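Here are my notes on this structure, written for someone opening it without any background. Please keep the sequence and the 3D view at hand while reading.

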Amino acid sequence: DNSALGYSVGITLDRFIKSKQDDFPFASGELSQLLRDIALATKIVNREINRAGLSNIGGAFGQTNVQGEEQQKLDVVANIRFTRALTKGGEVCAVVSEEDDEVIDLQNNSGKYVVAIDPLDGSSNIDVNISIGTVFSIYRRVTPLGSPIQPEDVMQPGNKQVAAGYVLYGSSTMLVYTTGHGVNGFTYENSLGEFFLSHPDIKAPETGNVYSINEGLYYQMAEGLRNFVCDCKKKNFSARYIGSLVADFHRNLLKGGIYIYPGTDNNPQGKLRLLYEANALAFIAEQAGAKATNGIDRILDMVPTSLHQRTPLIIGSRDLVQEAESFLNGKK
Ligand code: AHM
Ligand code: MG
């Protein structure tokens, strides 16, 4: 029962977005519409994911297309679905996607917003029926409406995000997002085809006893982080690592814990991407009272220098992130 929080029970995502829009009568409603566009694409992608295991026997289900072509990979399908929704919606002028080397210029110079997206994250888990996710960031363009998009429209630091969210395709499908006024989570009801507010005003625990890191990288990471990992073990923390960023992040956000993707000897900037992975989750983390750093700087203050730039990521419960930073910087 959410009534104590001022929400009626059973509020749908559409209604929730509308109720927030009503707080800003002079706003144009384009951001609200953009969020709805993303939610609709999410439902389509969710349907494709649910069918994924059937794709090899697709012929029997009429799923091979008329040309008899092989099914496209799910991450490619998700990319097409999201870019199509963003193109048709009309609020967006440019998209940065993990699946595309270059910025996608939607040739819509009246679009106010720029979207950075990882349409389907957790590639190693896609084929094996394990939780995967979508991550997105929304920025307002900085150059004048009506003019062609410029690099500065897409290369904005995370602290300029106007909204960010993720979708977790897990045992249930959830959409979690922020517009800078707290974090709210919605769970998908399959038979009704609707997201319902299930996790209003998410607040992350200040600490926790879960650490999430690919320990296979142990001998390649900084000594300070190794010491932090050892400290977690000494404290009898639980190790939990799905290998899908959204799923690992979501668990730690709700239950308390820390996720680390470190820089390594071979990859000093780690693996994760600043523009469409780290920034969105950092914004959500901070809005929920958690923290995100690259070990030196706040993620949200990093000024991007390239589209697909990587960054080490330490994210999660406030106290644990501070602790990891102290170890990393040799203060412990
Ligand atoms: P991807 O964009 O190729 O899917 O890679 C990102 C994923 C994250 O979801 C996950 O946290 C990380 O890679 C896992 O990497 P590793 O297998 O090196 O631990
Ligand atoms: Mg990814």
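**Notes on the fold and the sites**

1. Start with the contacts. Among contacts in the chain between residues at least 6 apart in sequence, 63% join residues at least 24 apart. Two residues are in contact here if their C-beta atoms, placed from the backbone, lie within 7 Å.

2. A word on the source. This is a predicted model, in which local features need pLDDT of at least 70 and side-chain atom pairs count only at pLDDT 80 or more, while totals for chains, interfaces and linings use all residues. Residues are numbered from 1 along each chain as its sequence is written, and chains are lettered from A and ligands numbered from 1 in the order in which they are written.

3. Overall form. The chain has 332 residues and a radius of gyration of 20 Å, which agrees with the value near 20 Å for a compact globule of that length. The radius is taken over C-alpha atoms, and the globule rule is 2.2 Å times the number of residues to the power 0.38. Along the principal axes, the C-alpha atoms fill a box of roughly 55 × 50 × 45 Å. Of the 332 residues, 46% count as buried. Buried means that 20 or more other C-beta atoms lie within 10 Å of the residue's own; exposed means 12 or fewer, and partly exposed is in between, with C-beta atoms placed from the backbone.

4. Secondary structure. The chain holds nine helices and 13 strands. These are DSSP runs numbered from the N terminus: helices are H or I with at least four residues, strands are E with at least two.

5. One sheet. Five strands form an open sheet in the order β10-β9-β11-β13-β12, with mixed pairing. β10 (238-239) and β12 (291-293) are at the edges with a single partner strand each, so one side of each has no neighbour in the sheet. Strands pair if DSSP finds at least two bridges between them. β12 and β13 (residues 313-316) pair in the antiparallel sense over three bridges. K291 has G316 in β13 as its bridge partner.

6. First annotated group. The unreviewed UniProt entry places a "binding site" feature at E98, D118 and L120. They span 23 residues in sequence, yet no two of their C-alpha atoms are more than 8.8 Å apart, so they gather at one spot. UniProt positions follow the numbering used here, feature names are shortened, and annotations may be inferred rather than shown by experiment.

7. D118 and L120. D118 counts as buried because it has 29 C-beta neighbours inside 10 Å. L120 has 30 such neighbours inside 10 Å, so it is buried as well. Leaving aside neighbours within four places in sequence, D118 is in contact with E98, T134, V135, Y276 and E277. With residues up to four places away again not counted, L120 touches L74, D75, A78, I126, I132 and T134.

8. Second annotated group. In the unreviewed UniProt entry, a "binding site" annotation also covers D121, G122, S123, S124, N214, Y241 and K271. D121 lies in β3 and is buried, with 25 C-beta neighbours inside 10 Å. Y241 is in the loop between β10 and α7. Y241 has 16 C-beta neighbours inside 10 Å, so it counts as partly exposed. Beyond four places in sequence, Y241 is in contact with S212, I213, N214 and D248.

9. The ligand. Which residues surround ligand 1? They are E98, D121, G122, S123, S124, N214, G243, S244, L245, D248 and K271. A residue is near the ligand if its C-beta atom, placed from the backbone, lies within 6 Å of it. α4 and α7 (245-255) each supply at least two residues of this shell. By class, the shell has one nonpolar, six polar and four charged residues. Ala, Val, Leu, Ile, Met, Phe, Trp, Tyr, Cys and Pro count as nonpolar; Asp, Glu, Lys and Arg count as charged; the others, Gly among them, count as polar.

10. Backbone points to check. N129 has a phi near 60°, a positive value in a residue other than glycine. N129 is in the loop between α4 (123-126) and β4 (132-140). With 10 other C-beta atoms within 10 Å, N129 is exposed. D201 also has a positive phi, near 45°.
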